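Subject: Structure handover

Hello,

Here is the structure for your files. My notes on what turned up in it follow below.

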Amino acid sequence: MPVMAAVIGYLTKLLAVRMLFEPLEYRGIRPFLGWQGMIPARAGKMAAIAYDTMTSGLIDLQELMSRIDPDELVDELAGPLDEAVEDLARELLSEYQPGLWDSLPEPARALLVRRVQAEAPKVVKQLAMEVTSDVHAVVDVRHMVVSNLVRDKELLNRLIRDVAEPELRFIVRSGIYFGAAIGVIQAVAWGLTKSPLVMPIFGFVTGWVTDYLALNMLFLPREEKRFLGIRLHGKFQRRRAEVGVRYGDLIAKEILTPRNLFEGMLSGPKSDKLVAIVQREVRRTIDEQAGIAKPLVILAVGGRRFQELKQDATARVLRTAPETARSMFAYTEQALDIRNTIAERMKVLTSGQFEQIIRPAFKEDEKTAVMVGAVLGGVIGEMQALVLIYLPMALGILAV
């Protein structure tokens with residue numbers, strides 16, 4: 001019986017852990033004959049919890065954005081920006097004033113392009129200063145993070161599973177030790193009662209108790225203690241430095257990346273704010289370049305076409321922005337330094353604060369996981385009764 005109880009403990013833990021993450025999508029017949037991993041099933045809520053705990057105790061994105069130097073950002077963009085401006089100038093002028101553009105000699109065209117290129121860094125710097133001074137005005141970071149994690153449920157799983165891999169292994173292994181100990185009590189109860197109900201009841205208890213103990217041992221005790229020479233310390237608590245590095249690495253490389261932030265600015269709920277800023281700067285630049293010749297330009301092109309040119313220029317700038325911006329991502333990632341920021345701030349948290357950062361991802365489904373373990377334990381306990389009691393009885397009857 002202790003051996004069977006150890007098997008029950010191991011299997012219930014293994015299944016409970018697997019059922020946290022798998023499958024990513026619902027399999028079966030809704031609403032009851034099927035299953036979806038508990039974390040993917042609540043992807044939106046779990047992603048929101050991940051973002052809220054990350055920003056409430058570890059990082060302030062506005063403070064991180066203030067680390068970006070607009071001048072250095074412009075330097076990183078120098079080459080791609082010149083190419084983009086040249087292409088933009090040639091396309092717009094050849095489309096809106098083809099006769100004039102074609103009639104200009106190449107040195108004159110090059111001079112015109114260089115004038116626009118000389119102005120472009122000022123525009124980019126102004127954009128960078130406005131964005132970094134109030135990043136939340138141009139990008140809904142919470143929406144960006146949550147929508148990306150809901151769309152990529154495997155990434156949401158990894159945010160928890162990769163950080164907690166040693167702890168998840170501990171949960172599965174603990175089922176063996178706790179189960180065997182409960183199995184000894186089960187054997188005594190069976191010896192005293194000879195009741196077949198002992199098996200499923202103790203299976204249920206084994207699944208419930210072992211899940212409850214294993215989950216709490218991840219975080220408690222918060223401070224290291226010694227009992228009869230045995231070290232007692234929450235599994236996560238003793239791995240705080242390593243957890244901080246791994247957690248920070250995942251956030252920096254997979255979630256709060258420069259690419260994701262930039263795409264959030266261009267296509268998120270607040271993208272109209274960035275479009276308005278870009279439109280203003282593009283129009284201002286075109287007007288300044290037209291200078292005193294602006295009335296003549298309007299006369300040659302037409303007032304309506306001149307306004308269309310400005311709108312078209314804004315649209316093309318936004319369309320080519322993702323490709324142009326690629327050269328600044330490495331610098332931006334280095335400047336934000338999210339990985340090291342999270343790792344360093346995890347180190348100085350109190351034990352209680354550290355628990356509040358990590359535990360919510362587990363807390364959300366702790367009761368469900370414990371109950372699943374208990375039910376699985378009861379089912380396996382009934383199978384144990386079948387193997388140890390009913391099957392020998394049936395074989396005995398057949399033998400007679």
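To begin with helix 18, its face turned away from the buried side carries Ala330 and Gln334, both exposed. Please keep in mind that this is a predicted model. The buried residues of helix 18 are Phe329, Tyr331, Thr332, Ala335 and Leu336. Their directions span an arc of only 160° around the axis, so they fall on the same side of helix 18. After helix 18 comes Asp337, which has a positive phi, near 50°.

Aromatic pairs

The count of aromatic pairs is 3. One of them joins Phe219 and Phe236: the ring centres are 5.2 Å apart and the planes meet at 25°, which is under the 30 degrees limit, so this pair counts as stacked. Phe219 belongs to the loop between helix 11 (198-217) and strand 3 (225-227), while Phe236 belongs to helix 12 (residues 235-238), so the pair ties together parts 17 residues apart in sequence. Phe219 and Phe236 are both buried.

Another pair is made by Phe262 and Phe329, with 6.2 Å from centre to centre and 65° between the planes, an edge-to-face arrangement. Phe262 sits in helix 14 (residues 258-267) and Phe329 in helix 18 (residues 329-336); the two are 67 residues apart, and the pair links distant parts of the chain. Phe262 and Phe329 are both buried.

Second largest pocket

The second largest pocket has a volume of about 190 Å³. Its lining consists of Leu14, Val17, Arg18, Phe21, Glu22, Arg161, Glu165, Leu168, Arg169 and Val172. Which helices each supply at least two residues of that lining? They are helix 1 (2-21) and helix 10 (165-193). By residue class, the lining holds 5 nonpolar and 5 charged residues, and no polar ones.

Charges over rings

Two members of that lining, Phe21 and Arg161, also make a contact of another kind: the charged end of Arg161 is placed over the ring of Phe21, at 5.4 Å from the ring centre. A further arginine, Arg30, lies over the face of Tyr26, with 4.0 Å to the centre of that ring.

That is the list for now.

Regards

Methods
Residues are numbered from 1 along each chain as its sequence is written. This is a predicted model: local features need pLDDT of at least 70, side-chain atom pairs count only at pLDDT 80 or more; totals for chains, interfaces and linings use all residues. Side-chain values use heavy atoms; hydrogens and water are left out. On a 1 Å grid over the protein atoms alone, a cavity is a set of points where a 1.4 Å probe fits but cannot get out, and a pocket is an open set with protein on both sides within 12 Å along at least five of seven lines; lining residues have an atom within 4 Å of a point. Grid points are joined across faces, edges and corners, and a volume is the space filled by probe spheres set on the points. Helices (H or I, at least four residues) and strands (E, at least two) are DSSP runs, numbered from the N terminus. Ala, Val, Leu, Ile, Met, Phe, Trp, Tyr, Cys and Pro count as nonpolar, Asp, Glu, Lys and Arg as charged, and the others, Gly among them, as polar. Rings of Phe, Tyr and Trp (its six-membered ring) pair if their centres lie within 6.5 Å; planes under 30 degrees apart count as stacked, over 60 as edge-to-face and the rest as tilted. Buried means under 20% relative accessible area, exposed over 50%, partly exposed in between (1.4 Å probe, protein chains only). A charge sits over a ring if NZ of Lys or CZ of Arg is within 6 Å of the ring centre and within 35 degrees of the ring normal. The arc is that of the directions from the helix axis to the C-beta atoms.
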